[in-house]
Amino acid sequence: MTFLHYVRAFRGIVWRELLRFLQQRERFLAALVRPLIWLIIFAAGFRAALGISIIPPYETYITYDVYITPGLLAMIQLFNGMQSSLSMVYDREMGSMRVLLTTPLPRWFLLVARLFAGVLVSLFQVYTFLFVAYLCGVELPPWGYVAALPALILTGMMFGALGMLLSSTIKQLENFAGIMNFVIFPMFFASSALYPLWKMREGSWILYEICFYNPFTWAVELIRFAFYQKMNWEALAVVAGCTAVFLALSVWAYDPSRGIQQRKAMGPAGG
Amino acid sequence: MTMDDTAAGDPRTPQPVLSVQNVSYWYGDKRALDDVSFDVYPGRVTALLGPNGAGKTTLFSLITRLFDAPSGRIEIDGRAASDWGFKVLGPLGVVFQQPTLDLDLSVRQNLRYFAALRGLARRDADERMEKALTSLDMQERIGEKVRALNGGHRRRVEIARALLHSPKLLLLDEPTIGLDDPTREAIVRHIHDLAVADNIGVLWATHLFDEVESKDALVVIDKGRVVARGDVAGIEKETGSDSLAEAFRRLTGDRVEEVAA
């Protein structure tokens, strides 16, 4: 297996994932509509009610829609990570994952390539959302759109790895929707996406602690700081660490025979 | 009853392209394969004949490393999976029983994806695609979405895909299931011709007697055990049967009703 083989395989996996995404217009629309509803309806309502004091990385007063934008970007990526992992479970159940896994390349490489392809899809969604948000009046620092890119890649990897870990642990496709609901919404709401942590601490100490230990909070903060060309080292450490742990666990736990094994154990099928 | 392949031990016999030695497998406490051994040689089709639930698909999953073999040894082109890991899959082409094409992509896109996974350059891949699809009479459908193809055409695309990287060993797990007779016959004919022309070792899992030709090597599997192996005439003779169907009935008892004639 030459280096060129790895490059071509990686390119092939990414290309296929992008093709699939472009053909799933409903998925693209859903990925945009969800955060836009939050931005246009939710943020507009709260803009008047909530004032955000000057906290890092902000150096001046900002509007609420500017505050929640990093959280909505993280939400897009979290949804996309779950969607990608759902697609991996679907592929595993439907058999097309076998084509990938019977390739003479290490399994970790194939899974990471697949994960990265999902991250690229999420970046496409994120920047389209940012464009629409800009048209709606949400202005972020111009260089922030570039500076946030590495942070968005890393957070996309973390959410993708988390999704892959979940997909590695579930046995059947039908179980996945339930797990998604138990992951996505608690992660989003119990984080600094909608309110700053200090505000959360004023309201409930327990909730503050939950938010503080939620990796989603740190993903949001990493993106938020990156937009203002500042580095939140604590957030970087947490997100990088969680990415590494989720990724290692998901590669270790990935079993292409899951589902097949269970069906076979219950009774003979096929040959 | 187990008959050894008469080719074994002959110094003129080529090295097997697939060697399965004493492989067993369990689903929980249910034994799916019990001490299975056989070889597949280049330039010849080896039919793996057995009723539904005999263990054929499990065996394919072990050969392709989708499952880990807890006991026994599997060698592809002289390399053991336990020693070489994923690298043993290089000379392998597979058509799974379950369709594995991406329905939303075109034939070309599906094949290009596979070619990339196999490390083929775009131009080389396109040339191979054209050759493989032409040989299967599918060249004109290259731009169509797989979803628009019927079952037989999808199968042909899967076979073309499995041949793109010029494999030394081709695994076919019930590739004609659900197809009409003319399509089945065409695929059977094509694979037999291909094995000889390109010197490919073919392992063809089936439960249909009429897909087995007299010149094929034969491995009969039942309830996870190899109950006979050799050539068709030898097995018929050993079992005192006039036909493969009768031989199969004698080897597998009353399970023959699960097998289509």
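The UniProt record, an unreviewed entry, marks residues 28–55, 67–90, 111–135, 147–166, 178–198 and 235–254 of chain A as "transmembrane region". UniProt positions follow the numbering used here, feature names are shortened, and such annotations may be inferred rather than shown by experiment. Keep in mind that this is a predicted model, where local features need pLDDT of at least 70, side-chain atom pairs count only at pLDDT 80 or more, and totals for chains, interfaces and linings use all residues. Residues are numbered from 1 along each chain as its sequence is written, chains are lettered from A and ligands numbered from 1 in the order in which they are written, and side-chain values use heavy atoms, with hydrogens and water left out.

Two of those annotated spans look like this in the model. Helices (H or I, at least four residues) and strands (E, at least two) are DSSP runs, numbered from the N terminus.

Now for the place where the two chains meet. Counting contact as heavy atoms within 4.5 Å, chain B brings 38 residues and chain A brings 36 residues. The pair buries about 3300 Å², with 60% of it on carbon and sulfur atoms. Buried area here is the accessible area (1.4 Å probe) that two parts lose on being put together, summed over both. On the chain B side, B:Leu66, B:Tyr113 and B:Leu117 supply 20% of the area buried against chain A, more than any other three residues.

There's some polar pairing too. Between chain B and chain A there are 10 residue pairs in polar contact, both residues at pLDDT 80 or more. A polar contact is a pair of N or O atoms within 3.5 Å; within protein, one must be able to donate a hydrogen and the other to accept it, and residues adjacent in sequence count only if both atoms are side-chain atoms. In chain B, the elements that give two or more residues to the side touching chain A are β1 (18–27), α1 (56–63) and α3 (107–117). Of these, α3(B) gives the most, with 6 residues. The chain B side splits into 16 nonpolar, 12 polar and 10 charged residues. For these classes, Ala, Val, Leu, Ile, Met, Phe, Trp, Tyr, Cys and Pro count as nonpolar, Asp, Glu, Lys and Arg as charged, and the others, Gly among them, as polar.

On to salt bridges, meaning a side-chain nitrogen of Lys or Arg within 4 Å of a carboxyl oxygen of Asp or Glu. The interface of chain B and chain A has 2 salt bridges. One of them links A:Arg20 with B:Asp102, whose closest N and O atoms are 2.8 Å apart. Over all chains, the whole structure has 23 salt bridges. A:Arg20 sits in helix α1 (residues 3–23) of chain A and B:Asp102 in the loop between β6 (92–95) and α3 of chain B, so the pair joins two chains.

An automatic or database domain assignment gives domain 1 (1–91 + 168–261) and domain 2 (102–166) of chain B. Domain 1 of chain B puts 17 residues in contact with 12 residues of domain 2 of chain B.
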